[in-house]
Amino acid sequence: MKFDWKKTFVLGFGFLGISVVWPLFNSLIPPFLEDLGLSALVVGFILTWDNLINMFLQPWVGARSDRTRSRWGRRKPWLMAGAPLAAGFFILVPFVRTNFVLLALAILGTNIGMALFRSPTVAYLGDLYPSEQRSKANGVINLMGGVGGAIALFGGGALFKMGVPLPFIVGALLLLIAVAVVLAFVREPEAPAIDASHEAAPGVWDSLREVTSGENPNGLFMLLAIFCWFMAWNAVEAFFTLYVREVLGIAVGTGTQMLTAFAAMLILFAIPSGLIANRIGRKTTIMIGLFGMMVGLILVLMLTNPTILLVLLALMGGFWALVNINSLPLVYDVGGNHAIGALTGLYYFASSLAAIAGPIIAGGLIDLTSYSVIWLFAAVFMLLALVMMSRIRVAAPVRD
């Protein structure tokens, strides 16, 4: 089967739309909350709502979409319901920013809307591509997501200066346009027959039992590996700017700009990461990426020089691409094709749980020691992820 680049870039519009919203959400909403006199703790709690919702709603939605049958297919009804809901509430955010209750409801509505269609959108990767093409396809899709994030970061700030509601309105419209492209041009394959004995969509705990039970432990080790590496990197992201300010004496704004070296290399290596995995296998590629991340984190801890830090961030961005691009395709490999939606939901369950736990645990360690501990903390969890990956048994790579 020849790889269809055009179809993959079209599918990537779904990820572009998702990636437009979150950078605007994470950068523009915290000041609204702070302006209402909320403490940093409360602001941080509100910003974790999406992760809390993702932990439980996305696995249910993913599994439910596996069993959805309609004239539009399995996944499209969820896109048609979630995207307009998210866009509508997202537009409301700046207009209700002076009222905490209304602002909280708008934030909650945006989070729920995004959660309703993210898992079904990601599940297309398993629906439309055979195993040997999923890493390559995921590279293209993540490249499109990176473009969406870049549009949001560069355009959102300029629009915000022109008028507070503008980035929210334009971001919501871009989300709807991107999803409309997917709805119009992505053709879903014929859905398999529903097994009557499993007609009810499982919840998150049922999905976990389904994937991790039985004699094959691959699913359990895969989810633990995902949890560990996201524990590591979420902790770094949460405290990076505070580290550079308190330890290196660098302004927060400059620290934020330094992270673009990591993001740029992640985008640059998105497609090559899929091609590499196609040659040497996804497990091997991910393990190389985890080892490179671990070494980079240790070097940052030992070498407290801003220039070296910038170089190491760029290198780690490339290694992170090896992990990030190939992880979801490997989840499908070890879990099987019978429950693509449920597996997608569990992937986000593990990553969302890590997004909540990582910064909290790392923050507690910082209070006891110093900001430098985040690099050791992250390196340890990268090592744990490497150990979990080594326990997974997969077949030899099938080359496209």
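This is a predicted model: local features need pLDDT of at least 70, side-chain atom pairs count only at pLDDT 80 or more; totals for chains, interfaces and linings use all residues.
**Group meeting: a walk through an all-new model**

Residues are numbered from 1 along each chain as its sequence is written, and side-chain values use heavy atoms, with hydrogens and water left out.

So, the overall picture. The chain has 15 helices and zero strands; helices (H or I, at least four residues) and strands (E, at least two) are DSSP runs, numbered from the N terminus. Of the 400 residues, 53% are buried. Contact here means heavy atoms within 4.5 Å, and if you take the contacts with a separation of 6 or more, 84% are between residues 24 or more positions apart.

Now back to the rings. Rings of Phe, Tyr and Trp (its six-membered ring) pair if their centres lie within 6.5 Å; planes under 30 degrees apart are stacked, over 60 edge-to-face, and the rest tilted. That rule gives 13 aromatic pairs. One of them is Trp 60 with Trp 78, edge-to-face, 6.0 Å centre to centre and 85° between the planes. Trp 60 sits in helix α3 (residues 49-66) and Trp 78 in helix α4, 18 residues apart. Buried or exposed, what about Trp 78? Trp 78 is buried, at 14% relative accessible area, while Trp 60 is partly exposed at 35%.

And our opening pair? Phe 230 and Tyr 347 are also edge-to-face, 6.3 Å centre to centre with 85° between the planes. Phe 230 is in helix α9 (residues 218-246) and Tyr 347 in helix α14 (residues 340-368), so this pair ties together parts 117 residues apart in sequence. Both also belong to a cluster linked by ring pairs, with Trp 229, Trp 233, Phe 262 and Trp 320.

Next, helix packing. Helix α4 (residues 76-92) and helix α7 (residues 166-185) have axes that come within 8 Å and cross at roughly 170°. The axes are lines fitted to C-alpha atoms, for helices over the stretch in contact, with angles from 0 to 180 degrees between N-to-C directions. That makes the two helices roughly antiparallel, the word for angles over 145 degrees; under 35 is roughly parallel, 65 to 115 roughly perpendicular, and the rest oblique. Among the residues in the contact are Leu 79, Ala 83 and Phe 90 of α4, and Phe 168, Leu 176 and Val 179 of α7.

Last stop, two single residues. Ser 119 is in helix α5 (residues 100-128) and is buried, at 0% relative accessibility. Which residues does Ser 119 touch, not counting residues up to four places away in sequence? They are Gln 58, Gly 62, Thr 344, Gly 345 and Tyr 348. Leu 376, in helix α15 (residues 373-390), is partly exposed, at 46%. Leu 376 and Ile 298 are 78 residues apart in sequence, with 6.6 Å from C-alpha to C-alpha.

Methods
Buried means under 20% relative accessible area, exposed over 50%, partly exposed in between (1.4 Å probe, protein chains only).
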